[in-house]
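Hi,

Here is the structure I promised to pass on. Have a look at it first, and my notes follow below.

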Amino acid sequence: MTTPTQSATTHSTPAPASAAPGNVADRAVKRRRVLDILDAAGRDSLLLTSNTALTWYLDGSRVHISLAGDPIAALLVDRAGDHLVTFNNEAGRIGAEELPEGVSLDTVQWNGQLHAAAAKLAVDGDPLVEAAVATELRAARQQLLPGEASRYARLSADVARAMTDVLQAVTPQTTEFQLVSELAARIVAMGAEPLVLLCNGEARSSFRHPLATHSAIGRRAMAVVCARRNGLVANVTRWVAFDAGTPAELDAEARIAAVEADIFRATLPGVRLNQVFSEIQKAYTRHGFGEDQWKLHHQGGPAGYAGRDPRVTADVADLIVLNQPFTWNPSGPGVKIEDTVLLTDSGVRVLTVDERWPTTEVDGRRRPLTLRP
């Protein structure tokens, strides 16, 4: 193994402000939040290794190569500062394009032990690890700062527009793979990464997590996108159909929107996530889906620097705060509704909005209908 002190090149000059991501003021707030975690734990350093934690703390830096792989960087936060360690073959790009101001950069050989090398930078060589303070770190990134909220709103709107562009152009003969490939092209073109792309046509409408196939979408289809930019992940589901819809379909769409409205009403500052989960279960029964429908798919939860941060269950007791993003996704047989929203002092504000998409009013809020090109 090559340690940072053995082979490292330490870059004391940060990347140009125009190239590096992040906001100096926001990063100072995040550093203070992490130092508070260290104070509470009685420790002097913390090693950040997950994509969620790294992109949050660095305020949007890209620390991946493969979307399916582990981050190619680790970061030690201690009382003296922030110390990013990456592989020697990644350091050029990281230093030039991803290193925020005030973060030192060290390298380890491409076949070295990244986490061990970063840990050695700690004064005692034994920093606190993420898993030991997972709940505290989640709480630290719950409340979006102004710069983050602005970036998230732009990403969400871009994703919503991409969905409209693609679904307006499909036909019953379009295959599921063709549909998601068009979505992928638009997501990449906007400088984002397509983390999730799902589609089910009429023949596969029973699948709630439908990876695309070569099947034509037919009469009716669902499309799902989760796209990441600057570390933030926007999530959206939309439906397209080529007829007026059956009475049963239209009724189910209205009822699932009513379930979502109940979830939005329960999403309030100071409420615990497991309390919202209890309301979700009741909402399914209240709107005619039965008491077991929630068991057939996850229900969503807080969003931000992960698709769900975390998925809500009866065991997650995190307190909801203002300026926290969410993506709830209630679903039933042949129906699902999903948007990325932000909890503001005036209530839930939907971020994944494109004014071209047809909507209806549900509980005082415009909610998406099925698109009928």
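Let me start with E260: leaving out residues up to four places away in sequence, E260 touches P330, I337 and R367 (a contact is heavy atoms within 4.5 Å). E260 and P330 are 70 residues apart in sequence, yet their C-alpha atoms are 6.4 Å apart in space. E260 counts as buried because its relative accessibility is 1% (buried is under 20% relative accessible area, exposed over 50%, partly exposed in between, with a 1.4 Å probe and protein chains only).

Before going on, a word on the basis: this is a predicted model, where local features need pLDDT of at least 70 and side-chain atom pairs count only at pLDDT 80 or more, while totals for chains, interfaces and linings use all residues. Residues are numbered from 1 along each chain as its sequence is written, and side-chain values use heavy atoms, without hydrogens and water.

E260 lies in helix α9 (helices are DSSP runs of H or I, at least four residues, numbered from the N terminus). The axes of α9 (residues 247-266) and α10 (residues 273-286) come within 9 Å and cross at roughly 155° (axes are lines fitted to C-alpha atoms over the stretch in contact, with angles from 0 to 180 degrees between N-to-C directions). So α9 is roughly antiparallel to α10 (over 145 degrees; under 35 is roughly parallel, 65 to 115 roughly perpendicular and the rest oblique). In their contact, I256, V259, D262, I263 and A266 of α9 meet V276, E279, I280, A283, Y284 and R286 of α10.

Best wishes

Technical notes: Helices (H or I, at least four residues) and strands (E, at least two) are DSSP runs, numbered from the N terminus.
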